[in-house]
Amino acid sequence: MTLTRPASLTDAFLQRLVSRVPSTSGGTWKLTEVYTGEVLVELPQSTPADIEAAYAVARTAQRAWAARPLSERLAVFKRAHTLFLDNAQTTTDLIQAESGKNRRMAIEETCDPVMVMSHYLKRAPKLLAPVKRGGPVPFLSSSTEIRQPKGVVGIIAPWNFPFATGISDSISALMAGNAIVLKPDNKTALSPLYGIEMLEEAGLPKGLFQVVCGEGPDVGPTLIDNANYVMFTGSTATGRVIGERAGRNLIGCCLELGGKNPMIVLEDADLDEVVQGALFGAFGNTGQICMHIERMYLPASRYAEFREKFVAATEALTIGASYDFGPDMGSLVSPDHKDRVASHVEDAVAKGATVLTGGRARPDLGPAFFEPTILEGVTRDMLCGVTETFGPVVALHSYDTVDEAVALANDTDYGLNASVWGGDLATACQVGRRIESGNVNVNDILATAFASKGTPSGGVKQSGVGARHGDQGLLKYTDVQNLAVLKKQVMGARPGQDYDAYVKSMIGGLRMMRKTRIR
Ligand code: NAD
């Protein structure tokens, strides 16, 4: 099959995008079109000295940016909102070429930064406004909570949603007055580079948003050691490394990590709706969504019916390489990742699991394709029983009681996302509250939680520390300055004063503070 690459992806355009990545060594990495394995562009690889230089430029730009009125900073994002929507098709072309995902998922990814901009454009003025509070001495003192930017934020992004994680997580940081040094995954650096180009076209000062590229362990230490805060999205294993280093440097970090997300179907659920949800939950983005579903729990009474419908719907999915909306499912991100996914299925089968459908790589479609796969009989001694597969592979389980289903759902080190399906919403919500998970979607897989930008979204247990979105999604990029003013020196004893009288008046004052509203 011949694949026509989108006209937008000219060599000149790709060269222009990567030209902002510093590399004094001249080293490059071959960034490929996933569908074909053909090289799209040579991506410069940054040395530690390049990273330090990027921080120096960002730090200078940050001081000027933070000094600008908030309204001016926000105006950049109002213009960017329009530009991002106007250019969504080009962004989609880039995301598809570098990640191999299907077009539906790629275009949906382009919506995320726009939604984040929209939310914080409305919320940032309130969050960043100084808050005046009472001081210890009524009328004579005050304390004001002032939000100062951290400085330069290092962002490390994964390949599965490169545009969303690379750009969305920078928006609130920039609004708060910070600069960014972003390290995207080598495989998927193009779409975030395009996002930065659009931000600059919207008026973001040059130099404020730096990009460095390289393999994680090569780039990571210098990136973290120069940052005032680190925003990391990726695997739990890498998150631990990042968190340790940030801890040593006494800087804050937000870690958005992996999951082994469960779905519980209750007796009264509409199974046809569940099947549609399950298709997306298991196979959306070719199973490479951190919040996607790898474990499904069905009541024993409805297991056979669900299995039949879900297997039939899965077998009707189309898979393929295409830049149009044809295929229901695209490729995995790389041949290496395909081998990892295949190894999870092989291990499960060797230990007694049954493949209900799928289970094979599809080299006829491209170097990294793998069939949507449903397994039965998966146990905890299998790789895919406990660790994240991060591919289009899902295990079906049946349960007898809701307590058992909740216990099984919670029987994991992870706690990123869960999905509960039921006809009675109150009951479904009650079940949801019992799941140890940072996000729980009732009658949906993940989009309802993730698109609710006003509510923090993060993982518990081994799925993360901190959250994106909500007020904390912006406030985490700030330090609090407590600006306290005393109009007259009236507190504290002075040498030679009558200490009995001093203690009396202090105790009297404390009693009065408790009784009045004065703090
Ligand atoms: P990964 O941890 O291998 O890599 C993520 C990023 O970290 C990449 O840019 C990589 O180059 C970099 N990196 C790797 N080692 C590093 C090191 N020692 N120092 C600094 N940086 C380093 O993860 P991945 O395979 O790219 O992404 C998939 C994982 O990300 C899955 O586990 C998925 O669940 C998770 N994820 C989580 C969320 C979330 O919001 N919780 C979102 C998307 C993906």
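How do the residues of the shell around the ligand divide into nonpolar, polar and charged? In this predicted model, the shell holds 12 nonpolar, eight polar and five charged residues.

**Around the ligand**

Let's stay with the ligand for a moment. The shell around the ligand numbers 25 residues, and those that come nearest are Ala157, Ser235, Leu257, Glu388 and Arg468.

| Residue | Protein atom | Ligand atom | Distance |
|---|---|---|---|
| Lys183 | polar side-chain atom | oxygen | 3.0 Å |
| Gly234 | polar backbone atom | oxygen | 3.3 Å |
| Glu388 | N or O atom in the side chain | oxygen | 2.6 Å |

Taken alone, the ligand exposes 830 Å², and the protein buries 87% of that area. Two or more residues of the shell come from each of helix 8 (216-225), strand 8 (229-233) and helix 9 (236-248). Helix 8 gives the most, with three residues.

**Domains**

The protein chain is divided into three parts: domain 1 (11-131 + 143-257 + 471-478), domain 2 (261-454) and domain 3 (486-516). Domain 1 and domain 2 each supply at least three residues to the shell around the ligand.

**Salt bridges**

Now for the charged side chains: the whole structure contains 31 salt bridges. One of them joins Glu145 and Arg133, with N to O at 2.5 Å. This pair links distant parts of the chain, as Glu145 sits in strand 4 (residues 141-149) and Arg133 in strand 3 (residues 131-134), 12 residues apart. Arg133 is partly exposed, at a relative accessible area of 37%.

Another salt bridge brings together the side chains of Lys461 and Glu436, at 2.6 Å from N to O. Lys461 belongs to the loop between helix 16 (447-450) and strand 17 (464-465), and Glu436 to the loop between helix 15 (425-433) and strand 16 (439-442), so this pair ties together parts that are 25 residues apart in sequence. Lys461 is partly exposed at 34% relative accessibility, and Glu436 is also partly exposed, with a relative accessible area of 40%.

Finally, a network of salt bridges links Asp272, Arg302, Glu305 and Lys309.

Definitions and conventions: Residues are numbered from 1 along each chain as its sequence is written. This is a predicted model: local features need pLDDT of at least 70, side-chain atom pairs count only at pLDDT 80 or more; totals for chains, interfaces and linings use all residues. Side-chain values use heavy atoms; hydrogens and water are left out. A salt bridge is a side-chain nitrogen of Lys or Arg within 4 Å of a carboxyl oxygen of Asp or Glu. Helices (H or I, at least four residues) and strands (E, at least two) are DSSP runs, numbered from the N terminus. Buried means under 20% relative accessible area, exposed over 50%, partly exposed in between (1.4 Å probe, protein chains only). Domain bounds come from an automatic or database domain assignment. A residue is near a molecule or strand if one of its heavy atoms lies within 4 Å of it. A polar contact is a pair of N or O atoms within 3.5 Å; within protein, one must be able to donate a hydrogen and the other to accept it, and residues adjacent in sequence count only if both atoms are side-chain atoms. Accessible areas come from the Shrake-Rupley method with a 1.4 Å probe; for residues, only the protein chains shown count as cover. Ala, Val, Leu, Ile, Met, Phe, Trp, Tyr, Cys and Pro count as nonpolar, Asp, Glu, Lys and Arg as charged, and the others, Gly among them, as polar.
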